[in-house]
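Here is a friendly note to read alongside the entry. Please keep the viewer open and follow the points in turn.

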2 protein chains.
Amino acid sequence: MPDLFEVTIFGSRYRLQGNGDETYVRSLAAHVDQQMSKLASQMKDIPLQRLAILAAINICHEFFQAQSQTNQQCAFVDGKARDLIERIEEHFDDLRFDER
Amino acid sequence: MPDLFEVTIFGSRYRLQGNGDETYVRSLAAHVDQQMSKLASQMKDIPLQRLAILAAINICHEFFQAQSQTNQQCAFVDGKARDLIERIEEHFDDLRFDER
């Protein structure tokens with residue numbers, strides 16, 4: 001039986017499933033609530049369902065940006081690792097050359 | 001003047017701002033639409049605003065998981081880099097020791 005935690009998002013109550021991690025579930029709810037409040041302050045009289053969908057779009061943008069950042073970091077680290085291996089190999093070649 | 005792209009999410013139309021990247025904006029809309037459709041198939045007769053908020057929660061979970069994965073990868077790469085530096089230093093110490 002999964003744990004259920006009651007949270008409040010933009011004035012409505014929800015029971016969310018968590019795996020025993022109440023702090024994490026509350027941080028999810030807080031982030032969605034924060035995004036909705038931010039949008040509501042920018043767009044007056046917007047229906048709640050549109051507000052929620054736009055908040056979902058903004059969070060999805062954050063998610064995709066985080067994914068893109070991870071991919072860029074992986075490519076950067078991969079490039080650095082190849083560069084480092086190349087330099088080490090060059091250096092060892094030099095040392096072998098000096099020892100001959 | 002920012003570009004506006006018209007997208008359809010769960011049967012409703014939205015005009016979303018993009019920075020000239022229509023494909024990206026459509027991928028955001030598609031992801032939110034997909035999450036809402038998935039939830040709707042699991043929860044019958046749920047009000048649209050609750051569905052949208054739960055979709056936002058799920059996408060937020062994906063975002064936080066991606067962030068956590070990035071942090072873990074950074075810590076792993078950091079550990080590997082420190083280990084590599086240590087081994088290289090040890091190796092150079094050996095070489096200096098041999099040359100004395």
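Is P2(A) buried or exposed? P2(A) is exposed, because 8 other C-beta atoms lie within 10 Å; the cut-offs are 20 or more such atoms for buried, 12 or fewer for exposed and anything in between for partly exposed, with C-beta atoms placed from the backbone. The other points follow below.

1. Ground rules. This is a predicted model, in which local features need pLDDT of at least 70 and side-chain atom pairs count only at pLDDT 80 or more, while totals for chains, interfaces and linings use all residues. Residues are numbered from 1 along each chain as its sequence is written, and chains are lettered from A and ligands numbered from 1 in the order in which they are written.

2. P2(A) sits in the segment before β1 of chain A. Helices (H or I, at least four residues) and strands (E, at least two) are DSSP runs, numbered from the N terminus. Between the C-alpha atoms of P2(A) and N71(A) there are 33 Å, with 69 residues separating the two along the chain.

3. Strand β1 (residues 3-9) of chain A runs antiparallel to β2(A), and seven bridges join the two; strands count as paired if DSSP finds at least two bridges between them. D3(A) faces G18(A) in β2(A), and T8(A) has R13(A) of β2(A) opposite. With two residues between them, β1(A) and β2(A) make a hairpin, and F10(A) in the turn has a positive phi of about 50 degrees.

4. Helix α1 of chain A. From its first C-alpha to its last, α1(A) reaches 31 Å with 21 residues, close to the 30 Å expected at 1.5 Å a residue; the expected span is 1.5 Å times one less than the number of residues. Its buried residues are V25(A), L28(A), A29(A), H31(A), V32(A), Q35(A) and M36(A). Seen down the axis of α1(A), these buried residues fall within an arc of 155 degrees, so they line one face of the helix; the arc is taken over the directions from the helix axis to the C-beta atoms. On the other side of α1(A) the exposed residues are E22(A), T23(A), K38(A), S41(A) and Q42(A).

5. Helix α1 of chain B. The end C-alpha atoms of α1(B) are 31 Å apart, which agrees with the 30 Å that its 21 residues should span at 1.5 Å a residue. Buried in α1(B) are V25(B), L28(B), A29(B), H31(B), V32(B), Q35(B) and M36(B). They line one face of α1(B), because they fall within an arc of 155 degrees seen down its axis. The face turned away from that buried side carries the exposed residues E22(B), T23(B), K38(B), S41(B) and Q42(B).

6. A backbone detail to check. Most residues other than glycine have a negative phi. D45(A), in the loop between α1 and α2 of chain A, has a positive phi near 55 degrees without being a glycine. D45(A) is exposed, with 5 other C-beta atoms within 10 Å. In chain B, D45(B) lies in the loop between α1 (22-42) and α2 (48-99), and its phi is positive at about 55 degrees although it is not a glycine.

7. How the copies relate. The same surface serves both copies, with 100% of the contact residues of chain A recurring in chain B.

8. The contact between the chains. Chain A gives 27 residues to the contact and chain B gives 27 residues, where residues are in contact if their C-beta atoms, placed from the backbone, lie within 7 Å. On the side of chain A that touches chain B, β2 (12-18), α1 (22-42) and α2 (48-99) each supply at least two residues, and the largest share, 20 residues, comes from α2(A).

9. A residue at the contact. A52(B), in helix α2 of chain B, is buried, with 29 other C-beta atoms within 10 Å. Leaving aside residues up to four places away in sequence, A52(B) touches Q49(A), A52(A), I53(A), A56(A) and M36(B). The C-alpha atoms of A52(B) and M36(B) are separated by 6.4 Å, and the two residues are 16 residues apart along the chain.

Definitions and conventions:
Contact = placed C-beta atoms within 7 Å.
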